[in-house]
Amino acid sequence: MIYSCKNCGYSSFVSRARCPRCGSTEIYAIAENEGRALLCWKLTATPEGFEDSYYLCLININGKANAFCRSNESLEGDVVEENNGICYRKTKEAANN
Ligand SMILES: [Zn+2]
C-alpha cells in the first residue's frame with residue numbers, strides 16, 4: 001500500500017495522518033506494493049531504533065507515484081516489493097505468479 005497526498009502528491013509507504021511536506025490531511029491510499037527502484041542511498045546516520053546503516057530507496061510504483069522505502073542492500077534498477085516500509089527484491093519465482 002502506498003499513501004499519496006492529494007494536495008502536493010507526496011507519496012510514502014508509511015501511513016500518516018498529515019502530509020509531512022504540506023500538512024494536508026487529504027491522504028489517499030493506493031493498493032500497490034510493487035515497483036522499480038530508481039535510486040538507493042546508503043544511510044549511516046539513522047534514527048534511534050533502526051539498524052546502524054541501511055539503504056533508502058526511491059521506488060517508482062508502476063509510473064503512478066514515487067515512494068521511499070528501506071532496504072538492507074542496494075536495489076537500484078530492480079523490481080521490488082514493499083512490506084511495512086521495507087523493500088525486498090522480487091525473485092523470479094514470485095514475478096511469475
Ligand atoms: Zn502534501
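Me: Which loop holds Asn84?
Reply: Quick note to start: this is a predicted model, where local features need pLDDT of at least 70, side-chain atom pairs count only at pLDDT 80 or more, and totals for chains, interfaces and linings use all residues. Residues are numbered from 1 along each chain as its sequence is written. Strands here are DSSP runs (E, at least two residues), numbered from the N terminus. Asn84 sits in the loop between strand S7 (79–83) and strand S8 (86–89).

Me: What is the phi of Asn84, and is the residue buried or exposed?
Reply: Most residues other than glycine have a negative phi. Asn84 is not a glycine, yet its phi is positive, about 55°. For burial, you count other C-beta atoms (placed from the backbone) within 10 Å of the residue's own: 20 or more is buried, 12 or fewer is exposed, and in between is partly exposed. Asn84 has 10 such neighbours inside 10 Å, so Asn84 is exposed.

Me: Why does one side of S2 and of S3 lack a neighbour in the sheet?
Reply: Two strands pair if DSSP finds at least two bridges between them. The open sheet of three strands runs in the order S2-S1-S3, with antiparallel pairing. Strand S2 (11–12) and strand S3 (27–30) are at the edges, so each has a single partner strand.

Me: Which residue in the turn between S5 and S6 has a positive phi?
Reply: S5 pairs with strand S6 (residues 65–71) in the antiparallel sense, over seven bridges. Across that pairing, Ile61 stands opposite Ala65 in S6. The two strands make a hairpin with three residues between them, and the turn residue with a positive phi, about 45°, is Asn62.

Me: How far apart are the C-alpha atoms of Glu32 and Lys64?
Reply: Glu32 lies in the loop between S3 and S4. Leaving aside neighbours within four places in sequence, its contacts (C-beta atoms, placed from the backbone, within 7 Å) are Ile2, Ile61, Asn62 and Lys64. Glu32 and Lys64 are 32 residues apart along the chain, and their C-alpha atoms are separated by 9.6 Å.

How values were computed:
Helix = DSSP H or I, 4+ residues; strand = E, 2+ residues; numbered from the N terminus. Contact = placed C-beta atoms within 7 Å.
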